[in-house]
Amino acid sequence: MEVYTLANGLTIPKIGFGTWQIPEGELAFQSVSYALGAGYRHIDTAQIYGNEASVGRAIAQSGLERKDIFLTTKIWNDKIGFEDSRASVIESMEKLGVDYLDLVLIHWPNPVASRDRLPWQERNAAVYRALESLYREGKVKAIGVSNFMIHHLEALMETAEIRPHVNQIMLAPGTPQKNLVTYCQSKDILLEAYSPFGTGTLFENEEAGRLAREAGLTLAQLALAWSLDKGFLPLPKSTSPENIQANLAIESLSISSQAVEVLDQLQGVKGQMDPDQVDF
């Protein structure tokens, strides 16, 4: 699989397998197992997904060497300080059954858990210091954030000693987030695209369906080709073996610049939630 290179020189596969909304247990185990068997080498999970144990079991039983799998998790919103954030990452490693993680992200920048206790700037600085300490110890190979807008990134980088390597945000046709993307790219922060199908709303869009038919692609392939065209790293999720395989087979696909422009302006696809207004 082709790779991107992060600012610290670490390579990361251009397509990842997302596990959001895949419940802990046999479904998560089987889905990740099939994804690894199909050729995925990049698995994305999070503490709040509740499926780290099943993801880890699938990795352990895959027959693949640990170094050949890029594994990401994320610190959840109830962690607001240095010590609890460090402890949570160690706990995630234990659940996943690994002795290091390739990437750890702060999941949201302004969680409800800390709003009445301390400013989000202070919370993010403390959590990120924990990530920096784990990075220096070699327990984490790269660090970053998720759902951070420009003002969150600017505040974080006032205190951070290591610039975030990744910002994982909602990126899908109709949600190109151009200003944020331009900012991150100017700082050499890789954009990962979660929910690249607009949490499924893309499949109901008639204009997107027309473009897919004209390009001879499925709607999912169209969206993933759009994402790769922009230099994003998409994280498609599926529990269907057929879709898992089809979502991976898009690296050689391309779409026209006209199609990219139309997809940028697409209406009716679910977009990024405002991280300063979320109720979790």
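Student: Which residues is leucine 266 in contact with, leaving aside its neighbours within four places in sequence?
Tutor: Leucine 266 is in contact with Pro173, Gly174, Leu202, Asn205, Glu207 and Ala208, once its neighbours within four places in sequence are left aside. Contact here means heavy atoms within 4.5 Å. This is a predicted model, where local features need pLDDT of at least 70 and side-chain atom pairs count only at pLDDT 80 or more, while totals for chains, interfaces and linings use all residues. Residues are numbered from 1 along each chain as its sequence is written, and side-chain values use heavy atoms, with hydrogens and water left out.

Student: Thanks! Does leucine 266 count as buried or exposed?
Tutor: Leucine 266 counts as buried, at 6% relative accessibility. Buried means under 20% relative accessible area, exposed means over 50%, and partly exposed is in between (1.4 Å probe, protein chains only).

Student: OK, new spot. What is aspartate 276 in contact with?
Tutor: Aspartate 276 is in contact with Asn110, Arg115, His151 and His152, leaving aside its neighbours within four places in sequence. Aspartate 276 is partly exposed, with a relative accessible area of 22%.

Student: Where is it found?
Tutor: Aspartate 276 is found in the segment after α11 (257-264), and leucine 266 is also in the segment after α11. Helices (H or I, at least four residues) and strands (E, at least two) are DSSP runs, numbered from the N terminus.

Student: How many helices and strands does the protein chain have?
Tutor: There are eleven helices and ten strands in the protein chain.

Student: Let's go inside. How many residues are in the largest nonpolar core?
Tutor: The largest nonpolar core has 81 residues, and Val89 and Ile255 have the most contacts inside it. A nonpolar core is a set of buried Ala, Val, Leu, Ile, Met, Phe, Trp, Tyr and Cys residues joined through side-chain atoms within 4.5 Å.

Student: Which residues does isoleucine 255 touch?
Tutor: Not counting residues up to four places away in sequence, isoleucine 255 touches Leu217, Leu222, Ala225, Trp226, Val260 and Leu263.

Student: Last one: what share of the protein chain's residues count as buried?
Tutor: Of its 280 residues, 56% count as buried.
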